[in-house]
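Me: I'd like to talk through the ligand site in this model. Could we take it one question at a time?

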Amino acid sequence: MTHLVLVGMMGVGKSTVGRMVAAELDRPLFDSDEMIEERTGRTVREIWSADGEAAFRVLETETLVEALAEVEPSVIAAAGGVVLSALNRVVLREADAHVVWLLADVDVLVGRVRNGMHRPLLDDDPAGTLRQMYDDRAPLYQEVADAIVSVDNRTPSEVAKAVLRCCA
Ligand code: S3P
């Protein structure tokens, strides 16, 4: 009875797929960004612009730890940047959890992702930022992943089925 954690880049579909997998397994879904917004009563962008990225990252760690501490097995859609912290990576590796890296070709992400309200990092040069981010983060996602599921050429529901097949 372990948690199932989805990690991966912005725009890969963690929240959408997480919702589907949680519904199928009849488990609660914890979505990091939503947890942060509920807990603080502020949007990701408000936190980012008032307190800065570092303050946001602290909240990211707190919500990850909080979600993993739940006794009832859940599905956790972790925010894209969760792997940046070495502490978070240790927490993920040591938790009673299956960590699934949702992997997309970077060109697919570039075509899909818009900056949007909760993605201040993509305000300037979203395509270039995503490409750089992908290079920087791929080894970090790899480090925490128990399994890798490709989203390329798959609908969210096909991705959800693949996650359920491999990891539930
Ligand atoms: C971030 C990803 C976002 C959000 C914030 C930072 C990142 O979440 O937490 O904008 O650094 O990758 P999603 O992965 O849900 O888009």
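This is a predicted model: local features need pLDDT of at least 70, side-chain atom pairs count only at pLDDT 80 or more; totals for chains, interfaces and linings use all residues.

Me: How far is the side chain of Arg137 from an oxygen atom of the ligand?
Reply: Polar contacts are N or O pairs within 3.5 Å. Lys14 has a side-chain N or O atom 2.8 Å from a ligand oxygen, and for the side chain of Arg119 the distance is also 2.8 Å. For an N or O atom in the side chain of Arg137, it's 2.6 Å.

Me: And how much of the ligand does the protein bury?
Reply: Start with the ligand taken alone, which exposes 390 Å². Of that area, the protein buries 97%.

Me: Which helix gives the most to the lining of the largest pocket?
Reply: The pocket holds about 420 Å³ of space, and its lining counts 28 residues, with Met10, Asp33, Gly80, His118 and Arg119 nearest the centre. Elements giving two or more residues to that lining are helix 1 (14-25), helix 2 (32-40), helix 3 (44-51) and helix 4 (53-68). With four residues, the top contributor is helix 1.

Me: What about the lining by class: how many charged residues does the largest pocket have?
Reply: Eleven of the lining residues are nonpolar and seven are polar. The charged ones number ten.

How values were computed. Residues are numbered from 1 along each chain as its sequence is written. Side-chain values use heavy atoms; hydrogens and water are left out. A polar contact is a pair of N or O atoms within 3.5 Å; within protein, one must be able to donate a hydrogen and the other to accept it, and residues adjacent in sequence count only if both atoms are side-chain atoms. Accessible areas come from the Shrake-Rupley method with a 1.4 Å probe; for residues, only the protein chains shown count as cover. On a 1 Å grid over the protein atoms alone, a cavity is a set of points where a 1.4 Å probe fits but cannot get out, and a pocket is an open set with protein on both sides within 12 Å along at least five of seven lines; lining residues have an atom within 4 Å of a point. Grid points are joined across faces, edges and corners, and a volume is the space filled by probe spheres set on the points. Ala, Val, Leu, Ile, Met, Phe, Trp, Tyr, Cys and Pro count as nonpolar, Asp, Glu, Lys and Arg as charged, and the others, Gly among them, as polar.
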